[in-house]
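Please read them alongside the sequence and the structure.

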Amino acid sequence: MAFNVLLYTSLFVFISGVIYKIYTWFSWEIGISSRDIDRSERLSAAFKGMLEVIFSAKILILIKVFILDVVFQKRILKEDFLRWAMHMLIYTGFMLLLLMHALDEHITASLFSEYYSTLNPFFFLRNFFSMMVIAGLTIAIYRRFILKVPRLKTNSMDYYAIIILTVIMISGFFLEATKITSISDFERMVEEFSDVDEKKDINALESLWVHAFGVVSPDLKEPFEEKLLEYGREIHEINCASCHSSPKWAFTGYALANILNPIALRLDRAKGSKILWYIHILACFFGLAYLPFSKMFHIIAGPISLLANAVMEKDKPDPANIATRQVMELDACTHCGTCSLGCSAATAFDALDNENILPSEKMVSLKSLIAGKKMSPEELKAIQEGVCLCTNCDRCTVVCPVGINLKELWLNVREDLIQKGYPEPLLLSPFSFVRGLNRYDIPADEYYKPVNAAKQAVAGKFDSLIKQSPLILQGAGIEEFNQLAKDNTFSYCFSCQNCTSVCPVVCSFDKPEETLGLLPHQIMRCLGLGLIEMASGASMIWDCLTCYQCQEHCPQNVNVTDLFFGLKNLAIKNVKKA
Ligand code: HEC
Ligand code: SF4
Ligand code: SF4
Ligand code: SF4
Ligand code: SF4
């Protein structure tokens, strides 16, 4: 009764959770690309997409991806054998246990008419599958806490997943062990399944079970006479053998039973197996009910993400389906850290200590952000810095074992955050090259709004560094300067800093920025951003020796020294005018 109430409650929570999650896939919005697409559009696009796949040759891709990537986890194998072994052991072991053991009444018993949980091969297999999970969990703990795989972070969800699985497995072993040793279980069985009621017969049977089946009896102790055991064996053959293989086949349970032997009687009196049964069952039901809200939900979302990414047309997928897929991908992420391992922006993480630079951690923050969790300005700024430092190199996408299109996600979220967030000076750096390339997908005013905000932020940051020179250009227009600088070579500058490193003036100061205001490469970037007043305010241009080293060393043929001349001439012209 209590069992059924618990079972149905947890099943109810599980199913409601899954339905809620699927609802969020179609209604949550990530970034500007999902604006203006409503829920019904997304739902019908998904149905249309699914039908198209099922009734076309794409179904073959689906089958291939299902076998290679979902069942055999080829993507993980390619990255890391140990991680693959861990995943296969936990996943396969747990699934087999679920089918053979947890659902035995419905599956195993209907497949095998002779099924009893205490009979081989089931008795042995239950232990074998459990050991697979335990081996997998051991590798997981080893990788996270001993091997300390670089960039693999462990958060509360990872702890939860490891702990719940461990509790389920360990309580299962202890339950089996206490049952094996339990004298009250033995007595119950004798009463239920045998017509043995004479004291002498029961004694013989009990002796055999103490001798060979691990039962711990309060009265009977080894050694037993061979004749007694032989008689017990006869009774056993008639009454019990059809359902009981030797418990030695349950190798972990039996080994543990031997260890528990000294306290077995006390355990039995305290109804140890009942308590362990409750712990085991409650842990399983809790795991089931909480699954849709935990990292374990990836066992459902992961395969769907893999399949969806495999069949969605690479060139022009329906924007409504992209919007849906991107929310789903957040659920599919297992926080495995593979993406962060090769991330080309990860070196910035070592210097800035902002976890959001690592793609696997950005996924965690994005989940909270998209779910509408209230975030402090600092948290938002950290996420924004993370997405702006991304170089769009796509290395995360190609390695993600659940096939998440991470780069696309970053571009989308970046755009959204810079639209409503803080002016991010990095937006003006070569890091945002891809945003520039994609600018035609964004309405012009939306494209320039954050760029202008970032420009102002940069100007503000450097203002104090620049000496208030009377020769600062007064209202110099970009056109006037461009005319002077004719071919605009500064716009080819990609901030390699060669010019600054070779400059003899720069290298003669300990803190050149303080004395010179802006350094040659910074002046070129300023010009590129149209911050001409700022550039001309740097005393660097007046301290320049005109040695032409910078200009000769520039790989982009920027006329650094000539541009300095131009700035100086313009400033002098302006002063004369005044
Ligand atoms: C119809 C099949 C069947 C018969 C016959 C049967 N058992 Fe069992 N027995 C089971 C099953 C199934 C379990 C495990 C589930 C449970 O505890 O009810 C079990 C459990 C036990 C346990 C607890 C240890 C464990 O591994 O779970 C003992 C002890 C036991 N039986 C003794 C006996 C004895 C002694 C006999 C013969 C008098 C006997 N059984 C006859 C099916 C049977
Ligand atoms: S995005 Fe992919 S690779 Fe990165 S942590 Fe999530 S599942 Fe792993
Ligand atoms: S695309 Fe961005 S997040 Fe992904 S690996 Fe490259 S730099 Fe890192
Ligand atoms: S020309 Fe001026 S700025 Fe360029 S290297 Fe020489 S001193 Fe430095
Ligand atoms: S050397 Fe050329 S490309 Fe490099 S920072 Fe200087 S001006 Fe820019």
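1. Helices (H or I, at least four residues) and strands (E, at least two) are DSSP runs, numbered from the N terminus. This is a predicted model, in which local features need pLDDT of at least 70 and side-chain atom pairs count only at pLDDT 80 or more, while totals for chains, interfaces and linings use all residues. Residues are numbered from 1 along each chain as its sequence is written, chains are lettered from A and ligands numbered from 1 in the order in which they are written, and side-chain values use heavy atoms, with hydrogens and water left out.

2. Domains. The protein is split into domain 1 (2-179 + 278-299), domain 2 (182-274), domain 3 (333-456) and domain 4 (464-577); such bounds come from an automatic or database domain assignment. Taken over C-alpha atoms, the centres of domain 1 and domain 4 are 60 Å apart.

3. Ligand 4. The shell holds 13 residues, with Cys 503, Cys 544, Leu 545, Cys 547 and Cys 550 the closest; a residue is near a molecule or strand if one of its heavy atoms lies within 4 Å of it. At least two shell residues come from each of α31 (549-553) and α32 (560-577). Ten of the shell residues are nonpolar, three polar and none charged. In this classification Ala, Val, Leu, Ile, Met, Phe, Trp, Tyr, Cys and Pro count as nonpolar, Asp, Glu, Lys and Arg as charged, and the others, Gly among them, as polar.

4. Ligand 2. Here too 13 residues lie around the ligand, and Cys 333, Cys 336, Gly 337, Cys 339 and Cys 400 come nearest. The shell comprises eight nonpolar, five polar and no charged residues.

5. Helices α15 and α16. The axes of α15 (residues 298-311) and α16 (residues 319-332) come within 8 Å and cross at roughly 135°. Therefore α15 is oblique to α16. Axes are lines fitted to C-alpha atoms, for helices over the stretch in contact, and angles run from 0 to 180 degrees between N-to-C directions; under 35 degrees counts as roughly parallel, over 145 as roughly antiparallel, 65 to 115 as roughly perpendicular and the rest as oblique. From α15, residues including His 298, Ala 301 and Ile 304 meet residues of α16, among them Arg 325, Met 328 and Glu 329, where contact means heavy atoms within 4.5 Å. By class, this contact of α15 with α16 has five nonpolar, four polar and three charged residues.

6. Helices α19 and α20. An angle of about 130° and an axis separation of 11 Å describe the packing of α19 (residues 359-370) on α20 (residues 377-389). Hence α19 is likewise oblique to α20. Lys 362, Ser 365, Leu 366 and Leu 369 of α19 meet Leu 380, Ile 383, Gly 386 and Val 387 of α20. Five nonpolar, two polar and one charged residues make up this contact of α19 with α20.
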